[in-house]
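Here are my notes for a first look at this structure. Keep the viewer open and follow the points one at a time.

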Amino acid sequence: MRWFKRRKPSKDDFSKGPSSRSESLAYRPVKSLEVSEEKLDSGEVVLTYPLTLRPWLLSLATRLGLRSEETRSRKLQLDEMGSLTWSLLDGKRAVHDLVDFVCRRYKLNRREAEVAMTGFLRDLGKRGLIGFRAPAGEEGEKST
Amino acid sequence: MDSGKSELWKTVAWNGLSLRVPPQWEVSSLATSYLRLDDEVGPVLELKWQQIRGLFSFKTHLEKLSRLSTSTPGVDFQEIPLPHDWQQALRNFEVQSFVWQSTEVSGKGAILYCSECQKAILLQFYQKQRRGDSRIPLGILHSFRDHSEDGMVHWALFGLRALIPQRFTLVRHRFHPGHYQLEFQHQKEHLHLNRWGPADLVLKDGDLLAWFHKRCGELNWCHAANMREYNYDGKPALQGQSQGSIAAASRLWARMTRKLPYIWVRIWHLASRNHILGVAAGGLKPLNEQMLEEVCSNYEMV
């Protein structure tokens with residue numbers, strides 16, 4: 001027996017986010033202002049971003065004296081394709097524009113490019129490196 | 001929905017089934033005997049099939065579908081006589097058609113049974129209120145095939161095309177960005193089709209041979225093949241093979257250790273499509289090289 005009933009999502013919950021694949025692809029990824037980037041000689045990009053800890057973990061780290069500038073930031077080195085994609089994130093291009101670009105540049109099948117691109121953006125979003133802006137015409141900014 | 005000209009439609013062929021669909025339709029979900037295609041908005045076509053041993057009962061399967069729909073609130077399921085325009089397209093099958101309706105989406109489909117290959121297929125088209133072009137389902141049904149006539153099975157998906165002898169069955173597949181792999185097996189004979197890409201990224205640190213030595217772990221037993229540079233149809237390629245001993249003891253040892261004594265591998269760089277294609281075969285008995293040449297010549301990216 002469940003102790004608490006799971007709340008059923010109302011229609012309003014969904015009205016704010018994309019409801020179909022084409023709508024999701026119209027969202028525009030935006031870089032986080034807290035991310036600093038460094039370009040290597042190879043052309044690859046290294047991103048440095050702040051590590052977000054849960055409050056209880058943060059207080060524990062402080063008590064144990066583990067809190068320092070170094071432990072509060074992380075680095076992520078992107079490969080060539082990732083670096084190229086990162087350089088295209090200007091807040092104006094939608095996800096489908098990025099997919100089109102990658103399709104043309106690497107002669108990829110559209111579906112493959114879409115899966116690779118959405119997976120990459122999802123990963124960046126989970127780390128808090130990007131947010132998503134709703135397509136023009138829709139209000140508000142959606143972050144991952 | 002704009003279906004475009006049917007000449008622009010593309011072929012989707014998977015595990016014995018083949019059909020032509022509008023160019024904007026993409027496979028969104030895939031299993032050994034299951035296909036779902038989506039357009040820009042959502043699901044549009046779903047196919048599920050099964051090899052039948054013994055007698056096939058439409059009644060049982062329709063009852064299952066009906067039960068499934070009644071357990072889902074708001075779905076109304078109904079058997080209907082086969083639509084007149086579908087009759088000609090599905091003349092080679094025994095057919096029972098149905099429709100279902102929920103608040104937002106409706107479906108129209110059929111259970112097909114092919115007495116020639118004993119395959120039962122559940123096929124359904126999803127329709128939203130505003131999408132009702134009946135020519136698309138009809139065009140798809142006219143192109144629908146559930147078995148091959150010449151003993152070669154056609155595979156066409158995500159730009160990959162191949163023709164594989166019918167005796168091979170699909171045992172594993174993966175379509176990861178950068179690496180596609182189809183693994184077939186017939187008794188102790190294995191056949192793998194691979195596709196890596198984008199080639200300009202994959203080969204940026206060296207040539208095909210250097211890359212192969214770095215990545216051959218992915219090809220499992222292929223490291224045993226003695227790979228050499230080769231020119232395949234004007235394309236840079238690698239080819240290698242290993243031949244086991246014909247002694248009965250060696251064959252028994254290979255069987256016990258699950259090592260394949262006969263291995264044949266060919267990998268070529270398809271610069272025009274920016275991909276690397278690979279065919280690998282292994283077995284306990286000598287391999288049919290003519291068949292492998294045929295597989296390679298029909299394996300392409302479009």
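**Notes on a two-chain model**

1. Let's begin with chain B, which has seven helices and 19 strands. Please keep in mind that this is a predicted model. Of the 302 residues in chain B, 30% are buried. Among the contacts in chain B between residues at least 6 apart in sequence, 44% join residues at least 24 apart.

2. Chain A contains six helices and six strands. Buried residues make up 19% of the 144 residues here. Taking the contacts in chain A with a separation of 6 or more, residues 24 or more positions apart account for 58% of them.

3. Next, a word on confidence. Chain B averages a pLDDT of 88, and 89% of its residues score at least 70. For chain A the average is 82, with 78% of the residues at 70 or above. Where in chain A is confidence lowest, and where is it highest? The lowest mean, 48, belongs to helix α1 (residues 11-15) of chain A, while strand β1 (residues 28-31) of chain A has the highest, at 95. Where pLDDT is low, the predicted coordinates should not be read in detail. For the complex, the predictor gives an ipTM of 0.72 and a pTM of 0.82.

4. Now find a pair of helices in chain A. Helix α5 (residues 95-106) of chain A packs with helix α6 (residues 110-126) of chain A at an angle of about 125°, and their axes are 9 Å apart. That angle makes α5(A) oblique to α6(A). The crossing of α5(A) and α6(A) is right-handed.

5. Which residues meet where these two helices pack? From α5(A) come A:V95, A:L98, A:V99, A:V102 and A:C103; from α6(A) come A:R110, A:A113, A:E114, A:M117, A:T118 and A:L121. An α-helix has 3.6 residues a turn, so residues three or four places apart point the same way.

6. Let's zoom in on one residue of that set, A:V102, in helix α5 of chain A. Is A:V102 buried or exposed? A:V102 counts as buried because 24 other C-beta atoms lie within 10 Å, and the cut-off for "buried" is 20 or more. Setting aside neighbours within four places in sequence, A:V102 is in contact with A:L108, A:A113 and A:M117.

7. Back in chain B, look at helix α1 (residues 58-71) of chain B. This helix has 14 residues and reaches 20 Å from its first C-alpha to its last, close to the 20 Å expected at 1.5 Å a residue. Why does α1(B) lie largely in the open? The number of buried residues among its 14 is zero, so α1(B) lies largely in the open.

8. For a contrasting spot, select B:N194 in strand β14 of chain B. B:N194 is buried, with 22 other C-beta atoms within 10 Å. Apart from neighbours within four places in sequence, B:N194 is in contact with B:Y180, B:Q181 and B:G278. B:N194 and B:I276 are 82 residues apart along the chain, yet 8.1 Å separates their C-alpha atoms.

9. The peptide bond from B:G197 to B:P198 is cis, with omega near -15°. You will find B:P198 in the loop between β14 (189-196) and α4 (199-202) of chain B.

10. The other two details are positive phi values. B:D233, which is not a glycine, has phi near 55° and lies in the loop between β15 (228-232) and β16 (235-242) of chain B. B:D233 is exposed, with 8 other C-beta atoms within 10 Å. B:N274 is not a glycine either, and its phi is about 60°; look for it in the loop between β17 (262-270) and β18 (275-283) of chain B. B:N274 is partly exposed, with 19 other C-beta atoms within 10 Å.

Technical notes. Residues numbered from 1 in each chain as written. Chains lettered and ligands numbered in written order. Predicted model: local features only at pLDDT ≥ 70, side-chain atom pairs only at ≥ 80, totals over all residues. Helix = DSSP H or I, 4+ residues; strand = E, 2+ residues; numbered from the N terminus. Expected span 1.5 Å × (residues − 1). Buried ≥ 20, exposed ≤ 12 C-beta atoms within 10 Å, placed from the backbone. pLDDT = per-residue confidence, 0-100. Axes fitted to C-alpha atoms, helices over the stretch in contact; angles between N-to-C directions. Parallel < 35°, antiparallel > 145°, perpendicular 65-115°, else oblique. Left-handed = near helix turned anticlockwise from the far one by under 90°. Contact = placed C-beta atoms within 7 Å.
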